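User: I would like to go through this model in questions and answers. Please show it before we start.

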Amino acid sequence: MRALIVDDSRAMRRIVGRILVDAGFEILEAGDGQEALDVLAAHDGDLPVLACVDWNMPVMDGLTFITEVRKRAAWRAITLMMVTTESEQDRIVRALAAGAHEYLIKPFTGDALVEKLDLLGLTPTTVGDLV
Amino acid sequence: MTTYSAPDQALVHAAIEQVWGSMLFEAADPWPTGVPAEFETGLQAHIEIRGGWNGRLLLTCDSAVATQIAGALLGIGPDEPVDEPDVHDAVGEVLNVVGGSVKGAIGGSMTLGLPGVRASASPRSSEESLVVSWRGNPVHVQIVPDAELAGDS
């Protein structure tokens, strides 16, 4: 199964990617929301099951990306998780209202991300034969 | 009208301790008093905070220290090379996460800019600067309100 990591920081993409690879994912990457939409369009027949999305990015921010993903019926099965420094309650509410399924605040530990995957039913033990 | 307190050094130090511990797996001990913390060739990451308080945070460290921080963040061994773009990106991301924690602690409707990185010597000794230790080397973190920026030539 695939995961898309959307973050303008290459370092953060590598950190998140390392944790997700250990959890059994193949990784796709994008440096901003627009690039992420292009990646999804290019993988329309084999979409990621998960997208981890930063909020503050150039070109297109994460909130706009999530809103755009939710407009497309074919992409509704993608689980969306914000992974961001934005910690205020109103930001979390806005992200969830836009269609995010989970919210992880930076800095985070690898265990915290795996716990979120568990909650979403996206770890090898919970996904079962999808792995 | 709601007023917001400017972030102080204790708040910023708490954010740094959190980031150092969870992302870099190191303690952020205060730099010992009286020990020189200056260097000539370094990197400075900067990020703006806008809203109830306006200003920016600056993180400045020696170039070799920046490379070590990038290596720790990326999980790269001490003897493996780290590309310069990765060093800039990593130092900027560390300050981005510190800035997010500081912004969240200030509260209210605030926005955080995107981090930038440039070459810089250590801050002038007259400037107020929080200095923490990274593996025995100084890392300066400054809180610069807009009013000081306007008067900065």
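**Loops, helices and sheet**

User: In which loop is B:Arg135 placed?
Analyst: Helices (H or I, at least four residues) and strands (E, at least two) are taken as DSSP runs numbered from the N terminus. By that assignment, B:Arg135 of chain B is in the loop between β5 (130-134) and β6 (137-145).

User: What are the conventions for this model?
Analyst: Residues are numbered from 1 along each chain as its sequence is written, with chains lettered from A and ligands numbered from 1 in the order in which they are written. The model is predicted: local features need pLDDT of at least 70 and side-chain atom pairs count only at pLDDT 80 or more, whereas totals for chains, interfaces and linings use all residues.

User: Is B:Arg135 buried or exposed?
Analyst: A residue is buried if 20 or more other C-beta atoms, placed from the backbone, lie within 10 Å of its own, exposed if 12 or fewer, and partly exposed in between. B:Arg135 has 12 other C-beta atoms within 10 Å, so it is exposed.

User: What is the phi of B:Phe25?
Analyst: B:Phe25 lies in the loop between α1 (9-24) and β1 (42-50) of chain B. With 10 other C-beta atoms within 10 Å, B:Phe25 is exposed. It is not a glycine, yet its phi is positive, at about 55 degrees.

User: At what angle do helix α2 and helix α3 of chain B cross?
Analyst: Axes are lines fitted to C-alpha atoms, for helices over the stretch in contact, and angles run from 0 to 180 degrees between N-to-C directions. The axes of α2 (residues 63-74) and α3 (residues 84-106) of chain B come within 8 Å and cross at roughly 75 degrees. On a scale where under 35 degrees is roughly parallel, over 145 roughly antiparallel, 65 to 115 roughly perpendicular and the rest oblique, that makes α2(B) roughly perpendicular to α3(B). The angle asked for is roughly 75 degrees.

User: Which residues of α3(B) make the contact with α2(B)?
Analyst: Two residues are in contact if their C-beta atoms, placed from the backbone, lie within 7 Å. From α2(B) come B:Ala66, B:Thr67, B:Ile69, B:Ala70, B:Leu73 and B:Leu74. From α3(B) come B:Asp86, B:Val87, B:Ala90, B:Val91 and B:Val94.

User: Which strands are at the edges of the open sheet in chain A?
Analyst: This sheet has 5 strands in the order β2-β1-β3-β4-β5, with parallel pairing; two strands pair if DSSP finds at least two bridges between them. Neighbouring strands are turned by 20 degrees against each other on average, direction ignored. Strands that pair on one side only are the edge strands, here β2 (26-30) and β5 of chain A.

User: Which residue of β3(A) is the bridge partner of A:Leu4?
Analyst: Strands β1 (residues 2-6) and β3 (residues 50-53) of chain A run parallel and are joined by 4 bridges. In β3(A), A:Leu4 is partnered by A:Ala51.

User: What is the radius of gyration of chain B?
Analyst: Chain B has 4 helices and 6 strands. The radius is taken over C-alpha atoms, and the globule rule is 2.2 Å times the number of residues to the power 0.38. For 153 residues the rule gives 15 Å, so chain B is as compact as a globular protein of that length, its radius of gyration being 15 Å.
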